[in-house]
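This briefing is meant for a reader who is meeting the structure for the first time. Please look over the sequence and the model shown here before turning to the points that follow.

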Amino acid sequence: MAEVTKGTRVQQPVIVKRKMLSTKSNLHGWLFASPWIIGLLVFFAFPLIASIYFSFTSYSILQPGEFVGSKNYQDLFKDDLFWTSIYNTIYFTIIFVPLGIIFGVSLAMLLNMKIKGMGIYRTIFFLPTLVPHVALAVLWMWLLNPGFGLVNGLLDVVGLQGPNWLGSEAWSKPSLILMSLWGIGQSVIIYLAGLNDIPEEFYEAAEVDGANWWQKTRHVTLPLLTPVIFFNLVMGAIGAFQQFTLPYTMTQGQGTPANSLTFYVMHLYDNAFKFFRMGYASAMAWILFIIIMSLTALIFMTSNRWVHYQGK
Amino acid sequence: MEPKVKIKLQKGFSHVGLIIASAFFIVPFIWMVSTSLKPLTQVFSFPPEWIPKPFQWSNYLDAMEYIPFFTYLDNTMVITLLSTFGVVLSCPLVAYSFAKLEWKGRNVLFFITIAVMMIPGQVTMIPLFLIFNKIGWVGTNLPLIVPSFFGVPFYIFLLRQFFLGLPDTLRDAAKIDGASEFRIYWQIMLPLAKPAVLAVGLFQFMASWTDFIGPLLYLTDETQYTLSLGLQQFQTQMGTEWGLMMAVSTMMTVPIIILFFFLQKTFIKGIKFSGIK
């Protein structure tokens, strides 16, 4: 991420030629970029502006709707299900994202050891990320089936009675967190790449100073891994706020039991495409945008306190 | 002698940790395949049994009948392949102009491209639906294919970073030889960027193959459903047919796993590249 702005300038072969080439190279540049310029206008810029406008109207696909000022936003704050969905989404994000980081970093450190069979282990950790989300949801519904599922079957072996998992208001979100942790392989790979980038000399120097395993982890590995943790934290938080496919599939879009799995985007989807309250749903989308932007900004603001870039 | 013992001990602990963690990741898979081969009576046995008795291969045939599997597979393939083709065609072209061509407005447009990546899809989802509705594309697979021909900001960004890392010397030499800008791109630079293009293509393939909300929004007729949408419908209607559902889940996952084993290196490199740069 830090290298984004580096090297944006392209070398000019011969300076004298610059003026002569400029119209032609301008033309080429625009021509090459033209698909994206059209895409940007049609699929991003226009919908974005339209969405702001809709959020201030009572637009629905069935009727044209009219300008209602900030009514949608005011109504939202009185909508109980809106607050429930925010609570569920924040609950999931606050628990899943940190757990994902702890679990992911630990796994990556285990996978970074030089021992036999590492290729096989790495493949095993990565496999779940290849499972399509709908299939993942169905698979875990079956694993967590209270009567015949494998998880409760295994708990039974050690003499524990498993909970009702997805059928219980208290356990439905933990269930979702569990199955989301199962698909963590992608971030593990990014952590692994980060671990590979830590120069061996740092560990050697620490060993000369008599550092033990924990001290090396605490003072060499973790600080140098912070840029990668930072990246995964931002991406993880953004993704967690947009949770949709898993809870939708598992509850047939109902968010059951007792709306404990009604996530923000599900509520948005229902309003837009079930009740056709598209103005209202657009207002929700903008609130989501603002939440995500503020969260990202917040993480960025704290980052210079805890993110250490090598060589800086 | 002592450090050697210590290292051995450490490796032992690592193996134990790895095996426990691996179990968490692999057991659900084995369970999926195992259930997919069980007769219904054995599916509902408690405590759970691991080995199907007898192996009920007919689950797969039944599943293909209950949901029109091949129709859904066809639909999924068409969307996946065309949208991947679109991405591979458009994104490198745009990325190349950002990385190697000099033109007015380039930096501004690149900045906007990065900014667009931050916008959650839900914001543009509703107006896009209305646009597609207006031009009569709702109920067809076009909204899931056509936009990819106009570039995806994240892929453009990744490819641009890759192009920046390629040297200019070949480009300059070709220029002196009088090659046109497009020929330089097509015959020299694009082949050099093959690993990155392949990675981006893979990302799109995966995204498209597993997409759920897109088909849910735009595919209204059952004959057009993709595998994801089909499985979700099946689950809604036949919630207790676990053997059949696991068979469908397995069949949906296997193509991606095969692809992964063939292109493992590209996969991993692509993910690393997206995370580090």
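This is a predicted model: local features need pLDDT of at least 70, side-chain atom pairs count only at pLDDT 80 or more; totals for chains, interfaces and linings use all residues.

Helices are DSSP runs of H or I that hold at least four residues, strands are DSSP runs of E that hold at least two, and both are numbered from the N terminus. Counted in this way, chain B has 15 helices and zero strands, while chain A has 13 helices and zero strands.

**Chain A as a whole**

- Read from the N terminus on, the elements of chain A follow the order α-α-α-α-α-α-α-α-α-α-α-α-α.
- The radius of gyration of chain A is 25 Å, whereas a compact globule of 312 residues would have one near 20 Å.
- Taken along the principal axes, the box filled by the C-alpha atoms of chain A is roughly 80 × 75 × 35 Å.
- Of the 312 residues in chain A, 39% are buried.
- Among the contacts in chain A with a separation of 6 or more, 69% are made by residues 24 or more positions apart.

**Chain B as a whole**

- The C-alpha trace of chain B spans about 75 × 75 × 35 Å along its principal axes.
- Buried residues account for 44% of the 277 residues in chain B.
- Of the contacts in chain B that join residues at least 6 apart in sequence, 75% are between residues at least 24 apart.

**Where the two chains meet**

- The contact draws 76 residues from chain A and 78 residues from chain B.
- On the side of chain A that touches chain B, helix 1 (residues 18-54) of chain A gives the largest share, with 19 residues.
- Sorted by class, that side of chain A holds 56 nonpolar, 18 polar and two charged residues.

**A pair of helices in chain A**

- Two packed helices are described by the angle between their axes and the distance between the axes.
- In chain A, the axes of helix 3 (residues 80-111) and helix 7 (residues 172-182) come within 10 Å and cross at roughly 35°, and the crossing of helix 3 of chain A with helix 7 of chain A is right-handed.
- From helix 3 of chain A, the residues in this contact are A:Asn88, A:Tyr91, A:Phe92, A:Ile95, A:Phe96, A:Leu99, A:Gly100 and A:Phe103, and they meet A:Lys173, A:Leu176, A:Ile177, A:Ser180 and A:Leu181 in helix 7 of chain A.
- By class, the residues of the contact between helix 3 and helix 7 of chain A are nine nonpolar, three polar and one charged.

**The two domains of chain B**

- Chain B is divided into domain 1, covering 2-58, and domain 2, covering 61-276, and the C-alpha centres of these two domains of chain B lie 33 Å apart.
- Where the domains of chain B touch, nine residues of domain 1 are in contact with eight residues of domain 2.
- On the domain 1 side of this contact in chain B, helix 1 (2-36) and helix 2 (40-43) of chain B each supply at least two residues, and the largest share, four residues, comes from helix 1 of chain B.
- The residues on that side of domain 1 of chain B divide by class into four nonpolar, four polar and one charged.

Methods:
Residues are numbered from 1 along each chain as its sequence is written. Chains are lettered from A and ligands numbered from 1 in the order in which they are written. Axes are lines fitted to C-alpha atoms, for helices over the stretch in contact, and angles run from 0 to 180 degrees between N-to-C directions. A crossing is left-handed if the near helix is turned anticlockwise from the far one by less than a right angle, and right-handed if clockwise. Two residues are in contact if their C-beta atoms, placed from the backbone, lie within 7 Å. Ala, Val, Leu, Ile, Met, Phe, Trp, Tyr, Cys and Pro count as nonpolar, Asp, Glu, Lys and Arg as charged, and the others, Gly among them, as polar. The radius of gyration is taken over C-alpha atoms; the globule rule is 2.2 Å times the number of residues to the power 0.38. A residue is buried if 20 or more other C-beta atoms lie within 10 Å of its own, exposed if 12 or fewer, and partly exposed in between; C-beta atoms are placed from the backbone. Domain bounds come from an automatic or database domain assignment.
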